[in-house]
Amino acid sequence: MPKSLLRKFFAYGVIAIALVLTFYPVAWMLSASLKESGEIFTTPVFSSGSAGLGNYVSAFAEYPFFLYLLNSVFASLVSVLVTVLLGALAGYSFAKFRYGLSTVFWIVVLVSLMIPLEAVVIPLFLEVHSFGWTNTYAGLVLPTAFNVVGIFIFRQAFVALPDDYIDAARVDGAGELRILFSVILPMVLPTVVVVSVLTFNLNWNSYLWPLVVTSDDGLRTLPLGMAAFQAGYNTQYGEVMAVSVFGTLPTAVFFLALQRYFVEGTISTGVK
Amino acid sequence: MRIGNSKLFGDRIALWGILFALPGLGYILLFQLYPILFSVYISLHDYDLLSEPVFVGFKHFAALPRDHAFVNSLWVTIAYVFYTVVPVLLMSFVMAWALTQVSKSRGLFRTLLFIPSVMPIVSVALVWKLMFNFNGPMNDVAGLVLDNPVPWLNSSTYAPIALVVMSWWHAASYYMIIFLAGFLAIPKDFYEAAEIDGARGWQVLRYITLPAMKPTIALAVVLATVNGLKTFAFQQIVTNGGPADSTQILTLLIYKTSFSYLDMGRASAYSVVLFGGILAISLVQLWFLRDRNA
């Protein structure tokens with residue numbers, strides 16, 4: 001079948017080109033992070049630089065990147081906790097309970113999905129300011145902690161569970177909260193992981209809100225610290241690339257370990 | 001059947017349902033619905049954070065058509081979204097199709113190609129900013145076509161192109177994943193039936209694949225457009241809107257007008273326009289979702 005052979009050839013060609021285009025900038029970043037500023041634009045991408053890890057050492061001496069990393073980890077973990085807790089509760093409510101207000105509640109959730117942070121950043125800042133939360137961890141973390149998409153993903157997982165489990169637990173006299181947390185939630189652990197991974201990564205990349213709500217260096221998250229470093233030292237290209245590599249490493253490890261859940265999360269945000 | 005209706009349990013259970021929904025709803029009211037209403041309120045006022053807000057009615061909205069910064073930003077945004085969304089969706093569709101043709105290493109290729117989408121956005125911005133340096137590798141690429149190197153980020157002609165190109169790199173694999181899921185959901189017997197009827201390559205694409213992919217394509221268009229409208233970090237980090245405001249996307253104009261110039265009223269009017277655009281597109285998405293669930 002020459003025609004199907006041609007098709008395979010074309011498909012592999014597309015993939016090969018896509019792989020080269022995907023990895024060239026990544027390789028370039030890695031290579032530049034190991035070079036002196038003078039070498040970056042004059043030597044080929046796959047040549048070894050003479051800076052060694054010098055760019056990493058000097059960048060870390062100038063800015064407290066490990067503090068930024070800790071801030072990012074903290075903010076992202078709180079976001080995961082808030083989203084799993086509130087998302088599972090609300091998702092369970094929409095999946096397994098019928099009450100008069102549920103349609104109104106559902107509309108509220110749908111509307112909230114259409115409100116992007118980018119359009120409410122001013123009033124949100126004013127509100128958080130009135131709480132006295134500017135330049136605090138509470139202000140940095142809480143206003144954007146809840147990823148509402150979590151409600152949808154949990155609801156979908158719960159709808160698929162037979163009601164019998166819940167009825168049986170009720171007959172056994174289990175309380176409603178216990179049913180959710182000891183019976184139902186353990187049955188959808190993969191969904192918990194999908195929501196966690198999705199939320200963690202969303203928060204990890206959060207840039208606009210931390211930029212607006214913090215000005216203290218000690219509260220900076222990794223994305224803010226990286227951007228500020230670049231703005232302040234923009235001629236030390238090797239150091240900027242070292243910082244980019246450092247920012248990419250946690251995500252890379254996290255992604256390679258949990259890539260199945262990344263993919264599932266992406267699909268469930270796109271195709272609800 | 002849902003449990004709230006079960007004869008055995010009854011209204012007491014329904015109350016638990018309401019209780020379970022309340023924390024999430026409270027959060028949404030506090031940090032999303034109240035702010036969007038507050039945003040409309042501020043857009044009807046002059047407010048500089050220092051003195052009390054002064055009611056000015058629709059002054060800020062009436063001024064929009066003559067507001068050069070806003071009109072420029074609107075065009076910058078529309079151009080950025082258009083030139084990003086169309087090529088990204090074409091590329092990601094072809095990439096996803098190519099992955100369906102591969103069976104043995106599909107998972108591996110999918111993972112490798114997905115990397116640009118999961119890479120932290122600031123890292124992406126910093127790398128591409130350097131790649132578009134006058135002495136950087138993108139001028140080696142441009143050198144294949146053009147005689148002279150291009151001052152990418154220092155030219156109001158080329159800077160918007162540079163931002164579009166890096167957005168292709170960042171976004172294509174995200175929609176590839178979504179299209180791939182769509183492709184794999186098409187039942188195999190569709191293709192078998194087409195084969196029996198003697199359909200050829202292009203006919204299969206035209207009459208089987210594209211119609212079956214319609215809902216996925218529609219969703220991808222909506223998602224990509226909304227994500228394009230929300231883009232902020234690339235423009236802020238790579239060009240900060242310049243040169244000559246040529247990359248001043250609406251989100252960046254809102255940020256500068258509010259937090260640099262403290263003109264909260266005008267910036268809120270911009271925000272309301274941005275929200276209106278995103279709301280309109282999201283309603284289209286909702287309509288498609290309803291279509292699918294029916």
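View 1. In residues 104-125 of chain A, 86% of the span is helix and 0% is strand, with the end C-alpha atoms 28 Å apart. This is a predicted model, and the helical content quoted here belongs to the predicted coordinates. Residues 65-92 of chain A are 100% helix and 0% strand, and their end C-alpha atoms lie 40 Å apart.

**View 2. The largest nonpolar core.** This core holds 162 residues, and those touching the most other members are A:Tyr92, B:Met95, B:Val122, B:Ala125, B:Tyr175 and B:Met176. Helix H7 of chain B, residues 159-184, supplies the largest share of the core, 15 residues. Within chain B, domain 1 (2-43) and domain 2 (66-289) each contribute at least three residues to this core.

**View 3. Surroundings of B:Ala125.** Once its neighbours within four places in sequence are left aside, B:Ala125, one of the core residues that touch the most other members, is in contact with B:Ala233, B:Phe234, B:Ile237 and B:Val238.

**View 4. The contact between chain A and chain B.** Chain A gives 76 residues to the contact, while chain B gives 79 residues. On the side of chain A that touches chain B, helix H14 of chain A (residues 237-270) provides the largest share, with 14 residues. By residue class, that side of chain A comprises 50 nonpolar, 14 polar and 12 charged residues.

Key:
Residues are numbered from 1 along each chain as its sequence is written. Chains are lettered from A and ligands numbered from 1 in the order in which they are written. This is a predicted model: local features need pLDDT of at least 70, side-chain atom pairs count only at pLDDT 80 or more; totals for chains, interfaces and linings use all residues. Helices (H or I, at least four residues) and strands (E, at least two) are DSSP runs, numbered from the N terminus. A nonpolar core is a set of buried Ala, Val, Leu, Ile, Met, Phe, Trp, Tyr and Cys residues joined through C-beta atoms within 7 Å. A residue is buried if 20 or more other C-beta atoms lie within 10 Å of its own, exposed if 12 or fewer, and partly exposed in between; C-beta atoms are placed from the backbone. Domain bounds come from an automatic or database domain assignment. Two residues are in contact if their C-beta atoms, placed from the backbone, lie within 7 Å. Ala, Val, Leu, Ile, Met, Phe, Trp, Tyr, Cys and Pro count as nonpolar, Asp, Glu, Lys and Arg as charged, and the others, Gly among them, as polar.
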